[in-house]
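Subject: Structure handover

Hello,

Here is the structure you asked to look at. My notes on what was found in it follow below.

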Amino acid sequence: MSLRHEYLFELKEDDEACRKAQQTGAFYLFHDLDPLLQASGHRYLVPRLSRAVTILIRTSTTSSGFNLSSRGENRPAIIELRLEGLLGKFGQDSQRIEDSVLIGCSNQQEAWFALDLGLKSASSARASLPRSEMGAELGGSFIKLRQAVFQLNSADSSLLFTDYKNSRPSTCCLAEGSLEPPSPQYWGYRRLHPEMAPVVITLVSDGARCLLARQSSFPKGLYSALAGFCDIAFAGESVEEAVQREVAEEVGLEVENIQYSASQHWPFPNSSLMIACHATVKPGHTEIQVNLKELEAAAWFGLDEVATALRRKGSFAQQQGEASPLLLPPKLAIAHHMIKKWVEKQSGSSLAA
Ligand SMILES: NC(=O)C1=CN([C@@H]2O[C@H](COP(=O)(O)OP(=O)(O)OC[C@H]3O[C@@H](n4cnc5c(N)ncnc54)[C@H](OP(=O)(O)O)[C@@H]3O)[C@@H](O)[C@H]2O)C=CC1
Ligand SMILES: [Mg+2]
């Protein structure tokens with residue numbers, strides 16, 4: 001077992017070790033499941049806090065009635081706060097730190113926690129600052145992940161995809177009349193088993209071109225591989241059957257040579273396990289019939305066009321302003337990696353990460 005897995009196993013099994021890890025670990029802040037993000041140009045950064053290290057925070061007398069500025073009066077000022085102090089300023093109990101949910105750890109044995117400032121608790125119900133003010137104080141805002149997904153590119157943004165909402169206690173396990181959870185053992189993904197929907201995502205090739213499609217909800221110009229939920233409840237499908245059915249339903253094609261490629265957890269619409277496959281159509285059987293109930297458009301794209309789109313740099317907003325119309329999913333989406341793999345195979349050379 002790697003050191004990281006060994007450490008994660010210990011944290012999951014041992015509440016005391018987990019509490020200890022909170023002293024040195026990193027905290028990602030959320031509000032009602034929406035992560036704290038900081039805008040930087042066209043992109044979002046994912047800030048993290050540690051418990052021990054003091055942080056600088058803007059203060060203002062207008063937001064909360066708390067004036068922690070040592071210089072007093074009505075002037076906004078910068079002060080230093082530890083995580084406990086920060087929660088205090090936000091009208092929240094420092095108990096919330098212990099209630100944070102373990103979401104992973106680094107190779108260097110730094111534990112990572114999700115701390116949700118919107119989660120109801122007896123103390124926060126009384127005096128919590130409004131969400132927008134907390135975000136502003138922290139130099140960012142709490143943004144729906146779905147809205148920000150195409151602007152995230154930091155290495156640890158995938159952490160936000162851990163979907164800890166599946167592991168936090170729901171109000172139904174809180175004792176009646178109380179906003180406190182019955183016992184710490186209900187906390188964390190250490191104790192709960194999240195429900196996940198399996199989704200197949202398939203990059204279909206005819207040998208020379210690959211098939212990409214877009215839904216009307218996608219950003220302008222964006223095309224991706226074909227995706228669809230496995231029909232487990234009704235049809236008891238295997239991955240291969242789901243691939244064949246989804247491709248047939250969405251573009252009217254029959255596929256063969258289905259090859260598993262990789263998988264990814266994806267937090268939308270609730271929690272999905274994306275299972276990525278490559279497949280080919282039968283020679284000559286390439287005529288697409290777009291299912292307009294599911295897709296806005298689907299088309300075959302040649303190697304040069306896809307390779308060019310893959311090499312493009314900059315945010316979505318910047319790319320949308322450029323001449324070439326094709327946009328591809330960002331690196332944090334498994335679709336990006338499937339398309340990259342296909343380009344590398346077709347061109348016989350590997351691309352930069
Ligand atoms: N990470 C990546 O690279 C990519 C991820 N995706 C993700 O793949 C997922 C599936 O793609 P999509 O094309 O929308 O799927 P589908 O083609 O299966 O179409 C969506 C429909 O499936 C039905 N459905 C069946 N099971 C579920 C379930 N467990 N949860 C929600 N809906 C279900 C719903 O219909 P009804 O309401 O009638 O039941 C829904 O409207 C999406 O969440 C999308 O974000 C897509 C592309 C790339
Ligand atoms: Mg689909």
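Which element gives the most to the lining of the largest pocket? It is strand E12, with four residues. Please keep in mind that this is a predicted model.

The pocket

The volume of the largest pocket comes to about 780 Å³. Its lining is made up of 33 residues, and those nearest the centre are Arg146, Gln215, Phe218, Ala227 and Trp266. Sorted by class, the lining holds 22 nonpolar, six polar and five charged residues. Besides E12, the elements that each supply at least two lining residues include E10, strand E11 (209-214), strand E14 (272-281) and H13. H10 and E13 also belong to that group.

The ligand

What takes up the space of the largest pocket? Ligand 1 does. In total, 20 residues surround ligand 1, with Gln215, Phe229, Glu250, Trp266 and Ala335 the closest. By class, this shell has 12 nonpolar, four polar and four charged residues.

- Ala227: a backbone N or O atom lies 3.0 Å from an oxygen atom of ligand 1.
- Glu294: an N or O atom of the side chain is 3.2 Å from an oxygen atom of ligand 1.
- Ala335: a polar backbone atom is 2.9 Å from an oxygen atom of ligand 1.

How much of ligand 1 does the protein cover? On its own, ligand 1 has 920 Å² of accessible area, and the protein covers 60% of that.

Backbone details

The peptide bond that runs from Phe268 to Pro269 is cis, and its omega is near -15 degrees. Pro269 sits in the loop between E13 and E14. The other place is Leu33, a residue other than glycine with a positive phi, near 80 degrees. Leu33 belongs to the loop that lies between strand E1 (26-31) and strand E2 (34-40).

Regards

Definitions and conventions:
Residues are numbered from 1 along each chain as its sequence is written. Chains are lettered from A and ligands numbered from 1 in the order in which they are written. This is a predicted model: local features need pLDDT of at least 70, side-chain atom pairs count only at pLDDT 80 or more; totals for chains, interfaces and linings use all residues. Side-chain values use heavy atoms; hydrogens and water are left out. A residue is near a molecule or strand if one of its heavy atoms lies within 4 Å of it. A polar contact is a pair of N or O atoms within 3.5 Å; within protein, one must be able to donate a hydrogen and the other to accept it, and residues adjacent in sequence count only if both atoms are side-chain atoms. Accessible areas come from the Shrake-Rupley method with a 1.4 Å probe; for residues, only the protein chains shown count as cover. On a 1 Å grid over the protein atoms alone, a cavity is a set of points where a 1.4 Å probe fits but cannot get out, and a pocket is an open set with protein on both sides within 12 Å along at least five of seven lines; lining residues have an atom within 4 Å of a point. A molecule sits in a cavity or pocket if more than half of its atoms lie within 2 Å of its grid points. Ala, Val, Leu, Ile, Met, Phe, Trp, Tyr, Cys and Pro count as nonpolar, Asp, Glu, Lys and Arg as charged, and the others, Gly among them, as polar. Grid points are joined across faces, edges and corners, and a volume is the space filled by probe spheres set on the points.
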